[in-house]
Each structure stands twice: as structure tokens, then as C-alpha cells.
Amino acid sequence: MRLKLGTLMLALGAVAGSPALAQTCTPTAITPYVKVNGTWTQTASATIKTGASAILGPQPTSGGMWSWSGCGTAGASREQTIQPPAACTATATYTNSCGAKTQQAFSIKVGTWASAKFGGGGYVSGLVFHPTTANLLYARTDVGGAYRWNQGTSSWVPITDGLGFGAAEARYHGVESMAVDPNNDQLVYMATGMYVSEGNGRLYMSSNRGDTWTSAALPFPLGGNNPGRAIGERLMVDPNKPSTLFYGSRTAGLWKSTDSGLTWAQVTSLSTLKMTADQINANGGTAMGVETVVYDTSTKGSGSATQTIYAAVAPDYANAAGLGSSLYKSTNGGASWTPVTVPVAGYHIPHMARATDGMFYIAFTKDAGPGAGGPGRFYKFDGSNWTLLKSVDPIGGTNFGFGGVSVYGSGATTRIALGVTNSWGNWSGQQIVQLSDDAGRTWREIEAVTPGEVTAGWVDDVEIDPSNRDHILHVSGGGIVETRNASSATPTWGSTINGIEETAVLSLATPPAGATYAVVNSSGDVGTWLHTNLATKPTLTPGTGWSNGFAADMAWSDPQYVATIGYSHENGTGFGFWSGDGGKTWTKFATNAPGVATNTNQEASIAVTARNKAVWAPGNSVPSYTTDNGATWVPTNLPAINDIYSRGYHLAADRKNPNKVYAYDSGGNWWGTPGKVYVSTDGGRTFTLSQGSVNAGLAPNYFANTSLAVNPNVEGELWLADGNTVYRSTDSGATWAKLSNFASIFNGNQWAQVQGASVIALGKAKAGAPYSAAVYVVGVINGVWGVHRSEDAGATWTRFNDDAHQFGGIGVIAADQNIYGRIYFSGTGRGMLYSN
């Protein structure tokens, strides 16, 4: 039979459009996979760290085509590598071979790291403005690294949390000096080293304003947290030839680099002395040395090195080196130096500033600081002649000195801001910041008895904003204060510390889920605080003033009952406080545990077993218990521990059975006695040595490098970090199993350069995880230091932080019982931080 063409086409059309045949093109199911931290997981959701990447790799692997949208995906590749800055959703569309489409959404959350709000809490030792770029300002601190001002958010951004500032580099959070390149506002230098006694320092260089750093070793020691740490700036970049840098060291004279800080040579034309250990020890363990370097030039970028340079020399180094003056001048780029006859001898020159007309304004003060006492003298110097502008002498119970100096303008209308140090209090006639608008002929006080926040004492660095003469800032023991209306008859001052978190956290404790507060923070200098909102400064505190909070604990079945211990700097005594209402009100223990009066170091702990009941372990002491809120204390039977090196017992109460209390003696130090664990079954009255802990061979280590934690969800389950590795007990400490994952890093010494396992905490478990708690350990796995987390009782571990979040090392941690993946922790001088 022969069909007509039209009939044939109609028939074919009927077949192509047949519903029965269309249903044979069935959409293909997508199986979602995500690769995070090197591991593929069948899931459509994941959480990655800030700055980290993930790979989305859905299946099937062949037979169709892929398209993408969201989270930075693009193109037709099945596998997509993403690095989102914030939470996002990616959508994969799969078109199979017959044209059917299927979609799969991937929900990606980005974990963040943040500082809990406190505000300041530590000494900012210096401020460095870029001279020509408005609002580009750096702050250096003595123990907490450095910050850069963000004008857009009116806050400070920490710039020393990441790569180059890990556990082995904690001492480089002590910043002794910073310098900028006047020709390149991206370039910044930072000289670091916390104590002279720790050895040579390190210079960091950044070409992106501190977002990332490279570094070079310095051939001399630095003292970012030694006396005189605000003196400077010691580090200076030649504005005409910025590859040339000078550094005034504390113990080894003046140094010069001609390759942007990579290598250094001593400027022997000034002095060849490198102070010996005996000379340094005779000077109190440190020295002031060459205090500051200033270039005498109004030009920049000429390509030829600046020829005229001044260097101020402290009395200690001048005496040791046989130098006859506290100020030296070079007119040939540092090839030779001549002494400048100064108007006063035996004084420090903490700061000197050059006006644009070439006039120098120079502070002399008797002491080195912080908060240097006087007498003080302030002069202007034209290169030949000295003119006294201001004096302070001890009188009427005051002993003022001079610290910070900053100038703006030139000639007869030069504005000068002068910091008056050791000037405590706020009263009529007080001097804190003195201002002159006529080159020092007349002065007026612009901070004392003015509106706003007045901060006296450690006014060791003062800066006039080079782009706004009415904006004046100065450092303090608690941060930075500023005025933006300095020309007013009554300037208004206030703190500018948003983003700066420099408290030294000594201990953290988290309550059970559902408590009215998130974490108890015990810190140096500021005491103990309960945080209820991490974004605002806490208000719940026993109000112990200038004090160290050593530790705190709460009754697990009644977390409104909290107890804390510490030491008051104001009266020189230890203390204990308790609250029965979640920190709203506090009562001091009627008496202190035996040993508190004579042992005031931070190697101390407290364990609360129930309301009104606690065990207190002061440093170097036998712990005692109370059942009546501290009205009486009874010594336990725990062995006395020697105090050759400050040590104490770690205490922990079992959260399921408060009659069980555990005590861990870490052995004092690496050369001490092996660690031991003791167990109480009567609420901390009597203890029995765990022979299993003896058999385990716990390494001896310092108190702060060791840790004991309980699993709050299981009775008798303990985790212990002995400084080198981790141990676990599932039978109330009777036996201990050693985990093989952790190991310390050694560098040719008997003591560890980086502790293998120093802190441990247990928090809320991941949904569906095989173990009842997430375990977090600060330590080293496969040579990599960080916070490591296990979901399966230690069988496997994943690094929880990354290289961008190292914070100069991590001292203490506590894990949240409400929120999976949240830990609270301390960096080196970085306050309390937390993870999301």
C-alpha cells in the first residue's frame, strides 16, 4: 500500500505527539554530593569556614548536561568549586539525554569567627597614621597584635589573626613598632617580639595594609610588652628612598636595612654595643636602647636616601655604650653621627615630632613608662637652638611626665598636642592632653573636666589626624580615646575601641543548655563576666574592679548558681564570689579557702557540685571544700604540691553525678613530676589516686598547657590533655586510653615548641553523630596546629579552624551546649572569640 506524503506526515506527527511515548523521557534523579575538607559527603547542605572552599559534585556523572546558578557557580561542569563569602544557595540543573530537566538545590552556610564584645580591655601602645591618605590609621598593642581603622564601619579590624600568627608565634602578638611608607599607602611594616628575654624579634611586611603578611627575622630582641613599650616609633621608613629602613633596638643600638627590611646591619658608626645578658639583667631584664628615629626632610620619593637623621638614645644604652648624649645627628644618611648637646641629661625622649617647617618638638621625661613619671621637659629645637616650652615637676602628690607628642601645621600657628603621663584622675587643674595653637607659647588643657569619657594616666602616644586637625587621639591602658572637636572650648572625648578586644582571658565556662547566659568569662585585669549577648558588652559581674578572674563554675542542675575566684590588684588579696540568680547579684564568700592569701597566681580552679557547694583549688595549695557558700572551708585529703613552679589542681565536677569530683595535678612543668588524676565520690571531700592515671604515664606540663574536661552527657566520662596528647576515661578515671592522633612539636629542646594537646572541651553533638558530644582539642595532628574536632569519640578528627584564624595561639576554650559548632576561646591578647 502506498501512502500519500501528507498522510505519512500526519501519522508521524501523531506518533511524536503521543502522550504514551512522551512519558518515556523521564527526569533523572540527582544525588547531591559536597566535598569539604577533602572528604566527599552525600548531602545537599554544608557549612564551610570563612575563606574556605567546597566542591559541589552531584551525580550522575555522565549522560547529560549540567548548568548552575548561585554561590558563584558558572559554566557546564558537573563539579563546581565555590568559595562564598556568606551563606548562599546553589542550584544545579541536569538535562538528561532525552531533554528532561531535574534541579537540585545546595544550601551552603559559611562559618564565621567573631569577637565577643567587651571593648578594649588592654593597652594600646602606639598609633600610626599614614601622612597623606585620609583615615588610614594603625594601632599596635603590647600583647594583642595590631589593628587597622575601617572608616566605613567606624571600627578597628584585627590584622594579626591569620597566617604567621599561630601557636608557635604567640610572642609576635607583642608589637613594638609600626611604620608606613609615605609613598605607598598599601605598604606597612610591623616589628614584633613580646619580651627581650625571649630572643630575637620578627619584622612583618604587608603590601595590602595588613590583610596578609610576609616576614623576616630580626637580629636583635624586641620588647613589645616590656617597660617603655610606647616609646618610638623605633621603626622608620625613609620617605625619599623607602627601601631604606632604620630601627632603634633596645639592646643592640641602631640598625639599618636597604632592602625593605629583609636583611639588617648594625649602624656601627653610632655604636657597636650589643648588650650582654648580664647587662640586660642588671637593668631589670630589659633596656630602652635607641628610642626613636626621625628623618629631617620635607620631601618624599626623590629616590635618594635622606641624609639628615636624628636618633634618640636612652640613658641605659648611652651609659653602657659610652655615648655622651641622648640625641645624635647624621648628615650623611647614617654613615657617621655626632652628639647633639641637649638641655637636660639623663632623660628619656619618648617621642619627637617634626613640623613641616623643619622645627622639632621633643619631649624629655625621667621615667620610661608606661605612664612615665617626671620630671618632664618639652622643648622645640631648630637644629641648633633649644627653647623650653613646658615643664612638669613632682608637686603636691603628683609626678607628671611627658609622653605622646604630635604636631600639625608650621610656623607660629603650629598646633601641638602633648600627652601628660602618670596623670591619674579627673579634676580641675589636672593635665592630660595639653594643646597649643601657637607653637608652644601658650597652652590649654583639652581633656580633663570635659564632657564625655576622660582617660588619664598612660597618655604615652598622642596623634593629631594629619587630615583633620580637630581629630586628636591618644592611647590608654584600656584602649584609645579621641576628640573630634579639639578646637572647641570644651572638647568632647570618647572611646574609639569598637573592634579592639585585648582582654587576657584566663578561663571560660559554659552552662547547660537553656541557661540564661551563654558563657562565663574570667579574664586578667577586668575580672569575671557573664555574657548573655555576645554583640554587646556584658553587664553581669561581681564588680571586682582591677582584678584577675581565675576561674568560674556553675551547678549543672541549677546553673543560676555560679561561683568565681580571682585576685584583686587594688587590695592585693584573693577573692571568691557567688551568685544565685545567674549573675544579677553577687555575694562575696565569707571566708577564703586556705592558701588563697599566700598564693595569688592564676593556676587555680573551682568546681561547683550543687548550690552552695564547691571545691576550691588555689594555686600551689591543697584544695578545700565548702557546703555553706564559703562560710567554712575544709581541706581535702589531696596531696600538697610543691611550688617550685606555679602549679595547681585542675578540678571538674561530674555533670551527671555531682558526688563525683575529679582533680588533675599536671606535674608543674615539663621537667616536673608525672601527671596524676584523683577521684572523689563524696562531693569533693576525699579523693583517691587513680592508679590508671599513673599507669598511663601522663606527661608533666604547666597548668595552662593542660586540661581536664567531663562529658556532660555521660557519667564518669573524662577527657584529658596532658600537653602532649589526649587521654579518655569511660570509668570515672579508673583507666585511661591514650589517643595516638596528637603529638607536640619539638625544636631541639626538651620542652615543646608547640604543645600537642593543651586544651579540651566538649559541646553539643552534631545531629545524628555517633557520640554524645562534639570534642574540641587545641593541639597538633600530623604536624598541623589548630583546633581539631571529633564527632566520634576521637576515632577521627577534622581541623576546625584554618590558617586565616589562628589568633596568635589559643589559650582556653569552652564549648556551647546549645549550639553545635560553637566554641568560645581566647587568642593571645585578643579577648574572647567565638565560632559560628
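**Close-up 1. Strand S27, covered on both faces.** In this predicted model, S27 has Phe 360, Ile 362 and Phe 364 buried on one side, and Tyr 361, Ala 363 and Thr 365 buried on the other. In a regular strand, side chains alternate between the two faces of the sheet.

Close-up 2. Strand S26 (residues 352-354) pairs with S27 in the antiparallel sense, with 3 bridges. Look for Arg 354, which sits opposite Phe 360 of S27. The S26-S27 hairpin has 5 residues between its strands, and Gly 358 adopts a positive phi near 90° there. S28 is another antiparallel partner of S27, this time over 6 bridges.

Close-up 3. Tyr 310, Phe 360, Phe 364, Tyr 379, Phe 381 and Trp 386 make up one aromatic cluster. The model has 38 aromatic pairs in total. In the pair formed by Tyr 310 and Phe 381, the ring centres are 6.1 Å apart and the planes meet at 85°, so this one is edge-to-face. Tyr 310 belongs to strand S23 and Phe 381 to strand S28 (residues 376-381), so their pairing ties together parts 71 residues apart in sequence. Both Tyr 310 and Phe 381 are buried.

**Close-up 4. An edge-to-face pair between two loops.** Tyr 645 and Trp 671 also pair edge-to-face, at 6.0 Å centre to centre with 85° between the planes. Tyr 645 is in the loop between strands S48 (634-635) and S49 (649-653), while Trp 671 is in the loop between S50 (661-665) and S51 (676-680), so the pair links parts 26 residues apart in sequence. Tyr 645 is partly exposed at 35% relative accessibility, and Trp 671 is partly exposed too, at 43%.

**Close-up 5. The largest nonpolar core.** This core has 20 residues, and Phe 246, Leu 254, Val 313 and Trp 337 are the ones touching the most other members. Strands S22 (290-295) and S23 (309-313) and helix H4 (315-321) each contribute at least two residues to the core. Zoom in on Val 313: leaving aside residues up to four places away in sequence, its contacts include Val 290, Ala 318, Leu 323 and Tyr 328.

**Close-up 6. A lysine over a ring.** Lys 537 lies over the face of Phe 118, 4.6 Å from the ring centre.

How values were computed: Residues are numbered from 1 along each chain as its sequence is written. This is a predicted model: local features need pLDDT of at least 70, side-chain atom pairs count only at pLDDT 80 or more; totals for chains, interfaces and linings use all residues. Side-chain values use heavy atoms; hydrogens and water are left out. A nonpolar core is a set of buried Ala, Val, Leu, Ile, Met, Phe, Trp, Tyr and Cys residues joined through side-chain atoms within 4.5 Å. Buried means under 20% relative accessible area, exposed over 50%, partly exposed in between (1.4 Å probe, protein chains only). Helices (H or I, at least four residues) and strands (E, at least two) are DSSP runs, numbered from the N terminus. Contact means heavy atoms within 4.5 Å. Rings of Phe, Tyr and Trp (its six-membered ring) pair if their centres lie within 6.5 Å; planes under 30 degrees apart count as stacked, over 60 as edge-to-face and the rest as tilted. A charge sits over a ring if NZ of Lys or CZ of Arg is within 6 Å of the ring centre and within 35 degrees of the ring normal. Two strands pair if DSSP finds at least two bridges between them.
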